[in-house]
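Here are my notes on this model, written as numbered points so that you can follow along in your viewer.

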Amino acid sequence: MEGAELELERRSRFLSSLIEKKKAKEEQNQYEKLNIRVRASDMPIPLQTRAFRCARDLLDSMPAKLDSKRLALSLKKEFDSTYGPAWHCIVGTSFGSYVTHSIGGFLYFSIDKVYILLFRTAVEPLDQS
């Protein structure tokens, strides 16, 4: 009986991995439709999806010229209000950076030819002495 249980467990893991691969492929196809390319990430998928949607909506609402300052400020405010303070955002067509971020709070991606770096830093309370 143990052999049968092990085989069922192995098949279950195999099927689960196939399902995960299919979901990942569908998600990638969805990103390609939005013309999004993840360059580096340490952020959970739901937060990434939120960032992609917000960025795409903001870019679509802008006139022909990119307003990188407005886009960065809007993404920062969106993430500050939804996920707590200390989010930072850099937007542009060419920039360099070296940042320290909180675990699970880093996303660097591109939409069209616009590059977006969104990250969170740790917030420490001020001493009230």
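1. Strand 1 (residues 36-41) and strand 3 (residues 106-111) run antiparallel to one another, joined over 5 bridges. Pairing here requires that DSSP finds at least two bridges between two strands. Within this pairing, S41 sits opposite L107 of strand 3. Helices (H or I, at least four residues) and strands (E, at least two) are DSSP runs, numbered from the N terminus.

2. A word on the model. This is a predicted model, where local features need pLDDT of at least 70 and side-chain atom pairs count only at pLDDT 80 or more, while totals for chains, interfaces and linings use all residues. Residues are numbered from 1 along each chain as its sequence is written, and side-chain values use heavy atoms, with hydrogens and water left out.

3. Strand 3 is mostly covered, with 5 of its 6 residues buried. Buried means under 20% relative accessible area, exposed means over 50%, and partly exposed lies in between (1.4 Å probe, protein chains only).

4. Contact means heavy atoms within 4.5 Å. Leaving aside neighbours within four places in sequence, V114 is in contact with L59, L66, L71, V91, G92 and F109. Of these, V91 is worth a look in your viewer: V114 and V91 are 23 residues apart in sequence, yet their C-alpha atoms are 7.1 Å apart in space.

5. A search of the whole structure gives 7 salt bridges, each being a side-chain nitrogen of Lys or Arg within 4 Å of a carboxyl oxygen of Asp or Glu. One of them joins E7 to R10, with the closest N and O atoms 2.6 Å apart. The two residues are 3 apart in helix 1 (residues 2-33), so about one helical turn separates them. E7 is partly exposed at 28% relative accessibility, and R10 is partly exposed at 44%.

6. A bridge between helices. Which parts of the chain does the salt bridge of E78 and R50 link? The side chains of E78 and R50 meet at 2.2 Å, N to O. This pair links distant parts of the chain: E78 belongs to helix 3 (residues 68-83) and R50 to helix 2 (residues 45-61), 28 residues apart. E78 has a relative accessible area of 24% and is partly exposed; R50, at 30%, is partly exposed.

7. D60 forms a salt bridge with R56, the closest N and O atoms being 3.3 Å apart. Both residues lie in helix 2, 4 residues apart, about one turn of the helix. Elsewhere, salt bridges that share partners join E7, R10 and R11 into one network.

8. The surroundings of R56. Apart from neighbours within four places in sequence, R56 is in contact with L34, N35, I111 and D112.

9. Aromatic pairs. The whole structure holds 6 aromatic pairs. One of them is F95 with Y108, an edge-to-face pair at 6.2 Å centre to centre and 70 degrees between the planes. F95 lies in the loop between strand 2 (87-92) and strand 3, and Y108 in strand 3, so the pair ties together parts that are 13 residues apart in sequence. F95 is partly exposed at 25%, and Y108 is partly exposed at 24%. Rings of Phe, Tyr and Trp (its six-membered ring) pair if their centres lie within 6.5 Å; planes under 30 degrees apart count as stacked, over 60 as edge-to-face and the rest as tilted. Ring pairs also link F79, Y83 and W87 into a cluster.
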